[in-house]
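Thanks, everyone. Please have the model up on your screens.

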Amino acid sequence: MQARPLKSYEWVSRELHDRITAGDLKPGDKLPSVVDLATEYSVGRSTIREALSALKARGLLDIRQGGGTFVLAPPESQDESPAREDWLDRADSLLQLLEVRKVLETGCAALAAKHRSAEDLAAMQETLAQMEQWQGDEAFGEQADVQLHEQIARATRNPMLIELMKSLSQRLHESMRDTRSLWFYAEQQSARRLLEEHSGIIDAIRQQDPVEAAARMDAHLSKVEQVLRDKTGTNS
């Protein structure tokens, strides 16, 4: 008897991908809910969320917070050369922004560890708790991610750093949306990994250890950078 395929998120992703490319699911179609898909494929909800995130990263799905998940036209049906060129331009822009974030946010983490108040720490912990509660909701995760980094900046008590982070807010949203999608595509346990890395940064800030806080922020952003480089084939 032939062994049944392991129903990992990759397996579910392939099944949905085949349905999209075969035309069973057409551009504009709304997918069933995560609960219904989990029942249909006999897997957990987290597996479905990972599969949907992977397909979004490949440009096949549009996941809207509170609005459902919709099928997009497969990239193969579009002019691939301009799309590839556009993606590489975006990737280059993301890498440049990550360089800025490394310089700015490692310093923010160190200063936050020195100057944070109990109220600052409580706000960060609340955001972390929300991120854990809503793992798999990519749109919410993006917003919470930006919020947490802004909270770290506010904890520095440096008005210029706070203003710099505010000026980057829109770019941060765009950057995190793209890099989180790539990360979700690259790692099955991505939501948990992201949460653990953010938790580690906040723990160093809680312990008022500026060196460790900066190091953990740098490690976090370096991992984001590596995921992006791996996906695009860009050398370090």
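Start with helices α2 and α3 in this predicted model. Helix α2 covers residues 34-41, and helix α3 covers residues 45-57. Two packed helices are described by the angle between their axes and the distance between the axes. Here the axes come within 9 Å. They cross at roughly 105 degrees. Angles from 65 to 115 count as roughly perpendicular, so that is the label for α2 and α3.

Which residues of α2 and α3 make the contact? From α2, we have V34, V35, L37, A38 and Y41. From α3, we have R45, I48, R49 and L52. By class, that contact has seven nonpolar residues, two charged and no polar ones.

Now look at the loop between the two helices. S42 sits there, between α2 and α3. Its phi is near 55 degrees, a positive value in a residue other than glycine. Most residues other than glycine have a negative phi. Is S42 buried or exposed? S42 counts as exposed, because its relative accessibility is 57% and the cut-off is over 50%.

There is another such residue further along. R157 lies in the loop between α6 and α7. Phi of R157 is near 65 degrees, also positive in a residue other than glycine. R157 has 46% relative accessibility, so it counts as partly exposed.

L31 is in the loop between α1 and α2. At 7% relative accessibility, L31 is buried, because buried means under 20%. What does L31 touch, leaving aside its neighbours within four places in sequence? The list is L25, L52, L61, T69 and V71. L52 also belongs to the α2 and α3 contact. Take L61 from that list: L31 and L61 are 30 residues apart in sequence, and 9.3 Å apart in space, C-alpha to C-alpha.

H17 is another buried residue, this one at 16% relative accessible area. H17 is in helix α1. Beyond its neighbours within four places, H17 contacts L55, R58 and L60. H17 and L52 are 35 residues apart in sequence, with 9.9 Å between their C-alpha atoms.

On to the cores. In soluble globular proteins, nonpolar side chains tend to be buried together. The largest nonpolar core here has 34 residues. M124, I152, I202 and I205 touch the most other members. The elements giving two or more residues are α4, α5, α6, α7, α8, α9 and α10. Helix α4, residues 80-115, provides the largest share, with nine residues.

Zoom in on I152. Leaving aside neighbours within four places, I152 contacts C108, A109, A112, M124, I201, I202, I205 and M217. There is also a second, separate core, with 18 residues. Its members include I20, L31, V43 and L60.

Let me finish with the whole chain. It has ten helices and two strands. From the N terminus, the order is α-α-α-β-β-α-α-α-α-α-α-α. Of the 236 residues, 46% are buried. Take contacts with a separation of 6 or more: 73% of them come from residues 24 or more positions apart. The chain exposes about 12200 Å², and carbon and sulfur atoms supply 49% of that.

That's my tour. Over to you.

Note on methods:
Residues numbered from 1 in each chain as written. Predicted model: local features only at pLDDT ≥ 70, side-chain atom pairs only at ≥ 80, totals over all residues. Heavy atoms only, no water. Axes fitted to C-alpha atoms, helices over the stretch in contact; angles between N-to-C directions. Helix = DSSP H or I, 4+ residues; strand = E, 2+ residues; numbered from the N terminus. Parallel < 35°, antiparallel > 145°, perpendicular 65-115°, else oblique. Contact = heavy atoms within 4.5 Å. Nonpolar A, V, L, I, M, F, W, Y, C, P; charged D, E, K, R; others polar. Buried < 20%, exposed > 50% of the residue type's maximum accessible area, 1.4 Å probe, protein only. Core = buried A, V, L, I, M, F, W, Y, C linked by side-chain atoms within 4.5 Å. Areas by Shrake-Rupley, 256 points an atom, 1.4 Å probe, with all protein chains shown as cover.
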